[in-house]
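Hi everyone, thanks for coming. Let me put the structure up on the screen, and then I'll walk you through it.

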Amino acid sequence: MTRALINTPKQAQQGEVIEIRAMIAHVMETGHRRDAQGAAVPRNIIHRFQCLYDDVEIFAADFYPAMAANPFIAFSTVATTSGVLTFAWTDDQGTIQRATAEITVV
Amino acid sequence: MALKHGLAAAVLALLGAGGLVAQEKRSGLDYMTPETRAMQEDDMSNPGMLFIAEGEGLWQAPAGAANIACSGCHGTAAQSMRGTATRYPAIEESTRRPIDLAGRINLCRQTQQKAQAFPAESPELLALTAYVAHQSRGMPIAPPADDRLTPYRKSGRDLFERRLGQLGLSCAACHEGHAGQRLGGSIIPQAHPTAYPLYRLEWQTLGSLQRRLRNCMTGMRAEPFAHGAPELIALEAYLMSRATGLPIETPGVRP
C-alpha cells in the first residue's frame, strides 16, 4: 500500500506556475547500520523519483543514502492542460510505489 | 522599557500564583525553530500524517478471531474518539490499574477483536494510537478527576523528582530547574506530553511517550524501565495531570 501525501492545486490558470509537494512513507535504510545481532542491514532506499504530467516526464530525481526516512520533495511546474500527475518512487528492492493527482486547468 | 517591565510585573502579580503557573505552561512546540513548527502545522508536510493515514486504515480493517474492525464497534473515530486522548492514562476497570491509550487499544484488540496485541512501539500500534489521539487535536488535556488515579500520579511525581542514574539527574532537575535553557545545543522544554505519539526528526519515525521517557533515562545513564512498566504509566499519568489545559497536538513534530 502506498502511503503518500500529495499536495497539488486542484485548479490552476493556464500558464500558471504551480507548486507540487510529495511525501512518501519509506524507511530509507542506508545500508550502513547493523542490527542487534551485528548483521549488516541491507540498503533499501528510494533511489528514483519521477513525476509525469499526462505521461510526459516533468521532474525526476535520484536519491542517495543521506536522504532521511519518509522523503519529502517539492518542485514547481507550469500548468498547461487539465490532466493527471503521476508520481512514482522506485526503491532498491525494485518496488515501485505510485500515486496520482488530478489537475483542472482553466 | 522599564515602565513596560514594571507593568508586566504588576499584571503578573495580579494574576496570582495559580494564574501564573497556567500562564507559564508551554508546549515543546513553543521552543522549536520556525521551520520545525511550520512542518508540524502543515498537514501536507507533517510526516506524522503518513502514520495517521495508516492508522485510519487499521481502524477500518477487521482483525482477529472476532473478525471485527475498531469501526465495527466504535463507528466513526472523528465522533467516538473525540476527546479520548485528553483523558488518558485512565483507570482500567477490569484491572483497577491505570492504563495508557496504547495499552487500552491493545487491550481492546485482545478482548474484543480476539487478536494478538501489537508489540510495544510497533508501527501498527503507533499508527492506531496516533490516529485515535489525532481526533482530540486542539482539545485541552483534561485528566479524569478519579481518586483512584491519585496514588499513581503521586508515585509518578516522586519518580519525576527522584535522582536516578550515574549522572544523578532527575526529570525535574532539567525540565523544571532549567526549562527554557540549553542542554548542549538543544533547548530543554518543560516536558509536557502534548503531542504523542510524535514524529521526532532524530528518530525519523513516530515514537511514543514511553520511548521518549526511556530515551531520557538512557541519557541520564539510568537503566530505563521496560515498555509498559507500571513506573512509566505512573510517570505518564503525572505528566498528563501536570500538562492539564494544554492542547493536544498529535501528531507533533520534534527535532
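Let's start with a question: from which domains of chain B does the lining of the largest cavity draw at least three residues each? Keep that in mind for a moment. Before we look, please remember that this is a predicted model.

So, the cavity. A search of the whole structure turns up one cavity of 30 Å³ or more. The space in the largest cavity comes to about 40 Å³. Around the largest cavity you'll find Thr86(B), Arg87(B), Tyr88(B) and Pro89(B), then Pro143(B), Pro144(B), Leu149(B) and Arg153(B), and finally Ala237(B) and Met240(B). Sorted by class, that lining has seven nonpolar residues, one polar and two charged. And here is what I promised you: domain 1 (28-45 + 140-254) and domain 2 (49-134) of chain B each supply at least three residues to the lining.

Next, the nonpolar cores. The largest one has 33 residues, and those with the most contacts inside it are Leu50(B), Trp59(B), Leu101(B), Ile105(B), Leu128(B), Val132(B) and Leu206(B). Two or more residues come from each of H3, helix H6 (101-111) and helix H7 (123-134) of chain B. H7(B) gives the largest share of this core, seven residues. Where does this core lie relative to domain 1 and domain 2 of chain B? Both domains give residues to this core, so it lies between them.

Leaving out residues up to four places away in sequence, Val132(B) touches Trp59(B), Met81(B), Leu101(B) and Ile105(B). Apart from this core lies another, of 23 residues, which include Ala12(A), Met28(A), Ala61(A) and Ala99(A).

Now let's turn to the largest pocket. About 1,100 Å³ of space lies in it. The lining has 44 residues, and the closest to the pocket's centre are His175(B), Ile187(B), Pro189(B), Arg212(B) and Cys216(B). Several elements of chain B give two or more residues to this lining, among them helix H8 (150-161), helix H9 (171-175), strand S3 (182-183) and helix H10 (209-219). Which element gives the largest share of the lining of the largest pocket? That is H10(B), with seven residues. By class, the pocket lining has 27 nonpolar, 12 polar and five charged residues.

Last topic: some backbone details. Most residues other than glycine have a negative phi, and most peptide bonds are trans. With that in mind, have a look at two peptide bonds in chain B. Tyr196(B) and Pro197(B) are joined by a cis peptide bond, with omega about -10°. Pro197(B) sits in the loop between strand S4 (186-187) and strand S5 (198-200). A cis peptide bond also joins Thr250(B) and Pro251(B), where omega is about 0°. You'll find Pro251(B) in the loop between helix H11 (230-242) and strand S7 (253-254).

Then there are two positive phi values. Asn67(B), which is not a glycine, has a phi near 50°. Asn67(B) lies in the loop between helix H3 (48-60) and helix H4 (70-74). Is Asn67(B) buried or exposed? Its relative accessible area is 55%, so Asn67(B) is exposed. For Arg96(B), phi is near 55°, again positive in a residue other than glycine. Arg96(B) belongs to the loop between strand S1 (90-92) and strand S2 (97-99). Arg96(B) counts as exposed too, because its relative accessibility is 63%.

Key
Residues are numbered from 1 along each chain as its sequence is written. Chains are lettered from A and ligands numbered from 1 in the order in which they are written. This is a predicted model: local features need pLDDT of at least 70, side-chain atom pairs count only at pLDDT 80 or more; totals for chains, interfaces and linings use all residues. Side-chain values use heavy atoms; hydrogens and water are left out. Helices (H or I, at least four residues) and strands (E, at least two) are DSSP runs, numbered from the N terminus. Buried means under 20% relative accessible area, exposed over 50%, partly exposed in between (1.4 Å probe, protein chains only). On a 1 Å grid over the protein atoms alone, a cavity is a set of points where a 1.4 Å probe fits but cannot get out, and a pocket is an open set with protein on both sides within 12 Å along at least five of seven lines; lining residues have an atom within 4 Å of a point. Grid points are joined across faces, edges and corners, and a volume is the space filled by probe spheres set on the points. Ala, Val, Leu, Ile, Met, Phe, Trp, Tyr, Cys and Pro count as nonpolar, Asp, Glu, Lys and Arg as charged, and the others, Gly among them, as polar. Domain bounds come from an automatic or database domain assignment. A nonpolar core is a set of buried Ala, Val, Leu, Ile, Met, Phe, Trp, Tyr and Cys residues joined through side-chain atoms within 4.5 Å. Contact means heavy atoms within 4.5 Å.
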